[in-house]
Amino acid sequence: ATIRRTEPTAGSGDSARRFGTQRVLVEPDAASGVAVMKFKNPPVNSLSLELLTEFIISLEKLENDKTFRGVILTSDCPRVFSAGLDLTEMCGKNPAHYAEYWKAVQELWLRLYLSNLVLIAAINGACPAGGCLISLTCDYRILADNPKYLIGLNETLLGIVAPFWFKDTLVNTIGHRASEQALQLGLLFLPAEALQVGLVDQVVPEDQVLSTALSVMARWMAIPDHARQLTKNMMRKTTVDRLVKQRDADIQNFVSFISRDSIQKSLQMYLEKLKQKKG
Ligand SMILES: CC/C=C\C/C=C\C/C=C/C=C/CC(=O)SCCNC(=O)CCNC(=O)[C@H](O)C(C)(C)COP(=O)(O)OP(=O)(O)OC[C@H]1O[C@@H](n2cnc3c(N)ncnc32)[C@H](O)[C@@H]1OP(=O)(O)O
């Protein structure tokens, strides 16, 4: 993927020179040190290998540019933040592909979860499974108050199982008992329920998600970076190390689990159901 610069937005000067890749738009504002990263992989921002790769490249570019201290993650696709992992990457492929794909999923989580940036999820659409995981890696989550925008780790509804580091991320956010129930039942929470259980930090009207994210960002960026980053690291490093210590085993575990005929069948059936739903 190549990073492309696009023309500055009207009346904004250099600080808003947008850049990004085909599937990840980056709207940087150097003056405030905040960049907005938008997933743009229509129709539902499914986390394809390409999107994961482009996301990692764009995130790394922002992390390496000391101008930026905070990033807001949001969607350029209407009604959907992200539909989660791209199911077509996990069925009908070969073990080598599954391994490559899962390594990219791990990489995205590792980079986001321990990022030195302030990360705020401006959730402007449905946020199941992998989409929910991305929002959980952020420091703060704002969800649009729309009953269609469900959020949760619903893997069991597909007949699959969220891996331990998905589980750990959820437990770190909503606690063990709430996670135990949410994961086993594959719960997708309504905005008010997500707020109540602590899955999101704020629920606001749809047209206030981004402005709210910007004002929350200002509050987080008022904290001296070094102190905040060391504190974030203290809170999250044990969780991250659990995966780092067994990354290859986790990949092998994924490949053997996802390659099972029974799992392939349930993923195919789930995809078919998604397509019938429209018919
Ligand atoms: C012990 C454990 C060991 C190892 C680990 C084992 C297993 C791995 C664990 C995996 C973790 C997985 C996490 C995941 O993210 S799996 C993906 C789960 N995602 C979902 O369940 C969401 C499915 N999608 C939806 O619910 C809806 O699409 C929606 C609410 C997001 C949006 O609804 P819309 O009505 O707006 O859009 P649709 O008509 O449903 O979809 C449009 C289009 O997109 C296709 N599509 C939707 N979601 C996905 C997806 N996740 N991947 C690929 N494609 C997707 C859908 O089929 C439609 O396609 P067509 O236009 O009909 O071609």
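Hi everyone, let's start with the largest pocket: α10 makes the biggest contribution to its lining, seven residues. Before I go on, this is a predicted model, in which local features need pLDDT of at least 70, side-chain atom pairs count only at pLDDT 80 or more, and totals for chains, interfaces and linings use all residues.

A word on terms. Helices (H or I, at least four residues) and strands (E, at least two) are DSSP runs, numbered from the N terminus. Grid points are joined across faces, edges and corners, and a volume is the space filled by probe spheres set on the points.

So how much space lies in the largest pocket? About 1,500 Å³. It is lined by 48 residues, and those closest to its centre are Ala-83, Leu-87, Pro-128, Tyr-270 and Leu-274. Besides α10 (261–278), the elements that supply at least two residues each are β7 (127–128), α3 (129–137), α4 and α9 (247–259). By class, the lining holds 31 nonpolar, eight polar and nine charged residues. For those classes, Ala, Val, Leu, Ile, Met, Phe, Trp, Tyr, Cys and Pro are nonpolar, Asp, Glu, Lys and Arg are charged, and the others, Gly among them, are polar.

The second largest pocket has a volume of about 300 Å³. Of the 15 residues lining this pocket, Tyr-113, Asp-139, Lys-232, Met-235 and Arg-236 lie nearest its centre. Two or more lining residues come from each of α4 and α8 (225–244), and α8 gives the most, with five.

Now the chain as a whole. It has ten helices and ten strands. Its radius of gyration is 18 Å, close to the 19 Å that the globule rule gives for 279 residues, so the chain is as compact as a globular protein of that length. That radius is taken over C-alpha atoms, and the rule is 2.2 Å times the number of residues to the power 0.38. Along the principal axes, the C-alpha atoms fill a box of roughly 55 × 40 × 40 Å. Of the 279 residues, 51% count as buried; buried means under 20% relative accessible area, exposed over 50%, and partly exposed in between, using a 1.4 Å probe and protein chains only. Among contacts (heavy atoms within 4.5 Å) with a separation of 6 or more, 71% join residues 24 or more positions apart.

Next, helix α5, residues 176–185. Which of its residues are buried? They are Ser-179, Ala-182 and Leu-183. Down the axis of α5 these fall within an arc of 95 degrees, so they line one face of the helix; the arc is that of the directions from the helix axis to the C-beta atoms. The face turned away carries the exposed residues Arg-177 and Gln-184. Part of the cover over the buried side is α4 (164–174). After α5 comes Gly-186, with a positive phi near 60 degrees.

Last, some backbone geometry. The peptide bond from Pro-42 to Pro-43 is cis, with omega near 10 degrees, and Pro-43 sits in the loop between β4 (34–39) and α1 (49–64). That loop also holds Asn-45, a non-glycine residue with a positive phi near 50 degrees. Arg-79 has a positive phi too, near 75 degrees, in the loop between β5 (70–75) and α2 (95–113). Buried or exposed, then, for Asn-45 and Arg-79? Asn-45 counts as buried because its relative accessibility is 0%, whereas Arg-79, at 55%, counts as exposed.

Note on methods: Residues are numbered from 1 along each chain as its sequence is written. Side-chain values use heavy atoms; hydrogens and water are left out. On a 1 Å grid over the protein atoms alone, a cavity is a set of points where a 1.4 Å probe fits but cannot get out, and a pocket is an open set with protein on both sides within 12 Å along at least five of seven lines; lining residues have an atom within 4 Å of a point.
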